[in-house]
Amino acid sequence: MSKPKIVVLDGGILNPGDISWGEIESIADLKVYDRTEYDKVKEIAYDAWGILNSKVVIDKKLMQSLPNLKYIGMLATGYNTVDIEAAKELGITVTNVRGYGPQSVAQLVMAFVLSLSFRIVEHNNQVHNGDWVKCKDYSFSSYPLIELENKTIGIFGFGDIGREVAKMSSAMGMKVLVYSRSKKEGFENASSIEELFERADFLSLNTPLNKETENLVNIKLLSKMKKTAFIINTSRGGVIVEKDLAYALNNNLIAGAGLDVLAKEPPSADNPLLTAKNCYITPHFAGNTFEARTRLMHKVYENIKAFLEGNPINVLTK
C-alpha cells in the first residue's frame, strides 16, 4: 500500500534542523517546505492527500483547489488560520495539537513577570552604558522593584497553559485569580472579566483567538487595571487592540506589558507597540523550546497515524 502524500507548508519553525521528521516519514510520503505563500499552495500541494500547517491561511477557495485533500493537520494548538466550517462542508478532517508546550509557554510568562518586576532589561542596559561605573554608591535602581509575594496574578483562560502559569505563580507566593468560561475548583474565580482586570497586579492572557476574544482587550478594559499593573500576552496578538494598549502604556494607565504575540506577525514597522513605553516584546517563540517542539512533532505523527487507522483524535471538524 502506497503512503499518502503530505505537504508541510511551514515546517521551518517546528524543525529548523535539530529534530527529525522520521516518524511522519514512516507513514507518509512527506514533502517539507520551511514556509509557503498562500498563492503557491495550489502549485506545491495540488495532488496532496494531506497538509500540515501553522500560519498559512487555508480558506474554502484553497481547499476546493486541492482535489485530493482529505486531511489538514495543524502544527500548533491554534487553528484560526483554517476555515473549519468550510472543511466540514467539504469533508476534510482538521486536527490540532494540544498540550505540547504549556511548561515552555508558562515559563515565558514567568520570565516576563520577573523581568518586569525588576526591570531587568532597562537596568542591564544602564549598566552596560556605564551608569554603574559612574555611580557613587555600590547599588542603584532607576525603577521601583517589586516583590512577588502576595501579588495577584490574574489568569484569563485556564487550559493547560493557564494551569501551568497558576502552578508556577503559586510556587513564587503569588495569589492566583482565574477567569474562565467555567468555574475552576481549587482557585479563586473572578466573577467577571472586569473584576479580573481590576484586581490583577500581573495579568496573563492565555485564551484562544475566536469571535468572542478578538479585540477583547481594549481601552475600556485596560482603563480598569491598576496603574501599577502589567499585562502579559502569550496567546494570540488579535486578542488585544494594539493601539489601545500603546495608548495605555504611553499615558501611564498601566505600568508595562510583556508580549510574545502581535496581531500581524512579523509586525509592520509602524506597529505602535514597537515604540510604546515599558513594552517587552519577544518574537512569538514561547513554544519553540527543543523540548516543546519534540513533543509537538510526535503528537503530529500520532494525529496522522490515528486518522489513517480510522480512529481520529484531536479532531476540530466533528
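## Salt bridges

Lys226 pairs with Asp201 in a salt bridge (a side-chain nitrogen of Lys or Arg within 4 Å of a carboxyl oxygen of Asp or Glu), with the closest N and O atoms 2.9 Å apart. Lys226 sits in the loop between H10 and strand E10 (230-233), and Asp201 in the loop between H9 and E9, so the bridge links distant parts of the chain, 25 residues apart. Helices (H or I, at least four residues) and strands (E, at least two) are DSSP runs, numbered from the N terminus. Asp201 is buried at 12% relative accessible area. Lys226 is partly exposed at 31%. Buried means under 20% relative accessible area, exposed over 50%, and partly exposed in between (1.4 Å probe, protein chains only).

This is a predicted model: local features need pLDDT of at least 70, side-chain atom pairs count only at pLDDT 80 or more, and totals for chains, interfaces and linings use all residues. Residues are numbered from 1 along each chain as its sequence is written, and side-chain values use heavy atoms, leaving out hydrogens and water.

The structure holds 11 salt bridges. Another of them joins Lys60 and Glu89, at 2.8 Å between the closest N and O atoms. Lys60 belongs to helix H3 (residues 60-64) and Glu89 to helix H4 (residues 84-90), so this pair ties together parts 29 residues apart in sequence. Lys60 is partly exposed at 29%; Glu89 is exposed at 56%.

## Nonpolar cores

A nonpolar core is a set of buried Ala, Val, Leu, Ile, Met, Phe, Trp, Tyr and Cys residues joined through side-chain atoms within 4.5 Å. The largest has 28 residues. Phe197, Leu205, Ile231, Leu245 and Leu273 have the most contacts inside it. Helix H9 (193-199), strand E9 (202-205), helix H10 (219-222), H11 and strand E11 (256-259) each supply at least two residues of this core. H11 gives the most, with four.

Ile231 has contacts (heavy atoms within 4.5 Å) that include Phe197, Leu205, Leu245 and Ala257, leaving aside neighbours within four places in sequence. Another core lies apart, with 24 residues, among them Val109, Leu116, Tyr280 and Ala286.

## Asp244 in helix H11

Asp244 is in helix H11 (residues 242-250). Asp244 counts as buried, at 11% relative accessibility. Its side chain makes a polar contact of 3.2 Å with that of Lys243. Such a contact is a pair of N or O atoms within 3.5 Å; within protein, one must be able to donate a hydrogen and the other to accept it, and residues adjacent in sequence count only if both atoms are side-chain atoms. Not counting residues up to four places away in sequence, Asp244 touches Asn218, Ile219 and Leu222.
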